[in-house]
Amino acid sequence: MWRRRLGALLLRSPPSSSSTAASSCQHRRRHLLPSEEPLAVNRLARLFTSQAGSDGGNSQKPFIAFVLGGPGSGKGTQCTKIASDFGFAHLSAGDLLRHEIASGSEKGELILDTIKEGRIVPSEITVELIRKAMETSNANKVLIDGFPRCEENRIAFERIVGREPDVVVFFDCPEDEMVKRLLGRNQGRVDDNIETIKKRLKVFESLNIPVIDYYSSRGKVRKINATGTADEIFDAVHKLFSSLRNLHSAGSDEDTIFQGIPGVCLAIICYLFFLKPVLTLCRLNLLCSNCIYTLCLHEIIPRETHITL
Ligand SMILES: Nc1ncnc2c1ncn2[C@@H]1O[C@H](COP(=O)(O)OP(=O)(O)OP(=O)(O)O)[C@@H](O)[C@H]1O
Ligand SMILES: Nc1ccn([C@H]2C[C@H](O)[C@@H](COP(=O)(O)O)O2)c(=O)n1
């Protein structure tokens, strides 16, 4: 709110603009950028920033939700519902690994042996499958189900994909309930037998819980009580996803910028206020000298702290 107010103070609306709260961002942006061919500010900014090229060519940074929980906690079931209600691409690490086995590739044999043993597949393999699936889906909101399963997974993802998740959803379910669900799943999975299930539960406790603790310490974890019916659990999940702050603008093509007349030192004012560089435009649709200063710092403030004028 206070940021919006600052934006309003800094903004000098063009005389023709009577932009009201009701007018859409798109409509307001037209006033900001009178040219009929809107300037792709974010894309332009990326060309100049350290982010350029680091996202594997994706023109927008997708919203990433990691979905974690013990085996049988209902991650897959809930992800299907989230994908359908909130327009996410659902990438299940386990499914990607099973597809790799089914493809008959060389890696497939190693993956199959590892899964049968209830162990974790080497991170390089899993992360590469996820990275490719993200690239292929080109989605702006991605659920990554069953990943990262261990610290090595997490570190490999950050190194290879170059991102942290926006949120980590943790389905918290008692062990006896998970075992009951897995034994009743009946999908012919090689790991849904009591011996392997016991190993998977041990691996979850010893390797996956520390990852959840790590993201908790970074304020990213949203815990969901995963007992009850799938619909009851989804009520809580629905509330959570409806409340996620930066989800609804994820991947949108709206450029969020500050506008000011040339010479107003907008970038410097914004920099002092936010203590971070801010991309600004002057009324002539040009990046003014302040902006060159901004771009030289090779950073723009994250999307969620931008102000849509
Ligand atoms: N709330 C629920 N109550 C009862 N059964 C459920 C519930 N949610 C899911 N199930 C069932 O439990 C089984 C496991 O669910 P699901 O495959 O979604 O779990 P998962 O966490 O993705 O498991 P895994 O990590 O082994 O892939 C499935 O047969 C599913 O239909
Ligand atoms: N990040 C991951 C995800 C899965 N696996 C392996 C080991 C799991 O027991 C198996 C099944 O996964 P699920 O369908 O339960 O998510 O796949 C892994 O090694 N690394």
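**Exercise 1. Contacts of ligand 1**

An oxygen atom of ligand 1 lies 3.0 Å from a polar backbone atom of glycine 74. This is a predicted model, so let us read such distances as computed values. Your task: decide which pairs around ligand 1 count as polar contacts, given that N or O atoms must lie within 3.5 Å of each other.

*Solution.* 

Step 1. Start with glycine 74: its polar backbone atom is 3.0 Å from a ligand 1 oxygen, and the cut-off is 3.5 Å. The pair counts.

Step 2. Move to serine 73, where a backbone N or O atom is 3.3 Å from an oxygen atom of ligand 1. This pair is also within 3.5 Å.

Step 3. Now take lysine 75, which uses its side chain: an N or O atom there is 2.7 Å from an oxygen atom of ligand 1.

Step 4. Finish with the cover. On its own, ligand 1 has 630 Å² of accessible area, and the protein covers 76% of it.

**Exercise 2. The shell around ligand 1**

Which element gives the most residues to the shell around ligand 1, and how do the residues of that shell divide by class?

*Solution.* 

Step 1. Look at who is there. Ligand 1 is surrounded by 17 residues, and the closest are Lys75, Gly76, Thr77, Arg185 and Arg200.

Step 2. Find the main contributor. With three residues, H4 gives the most to this shell.

Step 3. Sort by class. The shell around ligand 1 has four nonpolar, eight polar and five charged residues.

**Exercise 3. A visit to ligand 2**

*Solution.* 

Step 1. Check the atoms. Arginine 98 brings a polar side-chain atom to 2.9 Å from an oxygen atom of ligand 2. Valine 121 uses a backbone N or O atom instead, 2.7 Å from an oxygen atom of the ligand. At glycine 146, a backbone N or O atom lies 3.2 Å from a nitrogen atom of ligand 2.

Step 2. Consider the cover. Ligand 2 exposes 430 Å² when taken alone, and the protein buries 95% of that.

Step 3. Step back to the shell.

**Exercise 4. Two rings**

How are the planes of phenylalanine 88 and phenylalanine 241 arranged, and where in the chain does each residue lie?

*Solution.* 

Step 1. Count the pairs: the structure has eight aromatic pairs.

Step 2. In the pair of phenylalanine 88 and phenylalanine 241, the centres are 5.5 Å apart and the planes make an angle of 90°. Planes over 60 degrees apart count as edge-to-face, and that is the label for this pair.

Step 3. Locate the partners. Phenylalanine 88 is in the loop between helix H4 (75-86) and strand E2 (89-92), while phenylalanine 241 is in helix H11 (residues 230-243). They are 153 residues apart, so the pair links distant parts of the chain.

**Exercise 5. Two backbone details**

Where do the cis peptide bond and the positive phi of asparagine 138 fall?

*Solution.* 

Step 1. The cis bond joins phenylalanine 147 and proline 148, with omega about -5°. Proline 148 is placed in the loop between strand E3 (141-145) and helix H8 (151-161).

Step 2. Asparagine 138 is not a glycine, yet its phi is positive, about 50°. This residue lies in the loop between helix H7 (123-137) and E3.

Key: Residues numbered from 1 in each chain as written. Chains lettered and ligands numbered in written order. Predicted model: local features only at pLDDT ≥ 70, side-chain atom pairs only at ≥ 80, totals over all residues. Heavy atoms only, no water. Polar contact = N/O pair within 3.5 Å; in protein donor to acceptor, adjacent residues only side chain to side chain. Areas by Shrake-Rupley, 256 points an atom, 1.4 Å probe, with all protein chains shown as cover. Phe/Tyr/Trp six-rings, centres within 6.5 Å; stacked < 30°, edge-to-face > 60°. Helix = DSSP H or I, 4+ residues; strand = E, 2+ residues; numbered from the N terminus. Near = heavy atom within 4 Å. Nonpolar A, V, L, I, M, F, W, Y, C, P; charged D, E, K, R; others polar.
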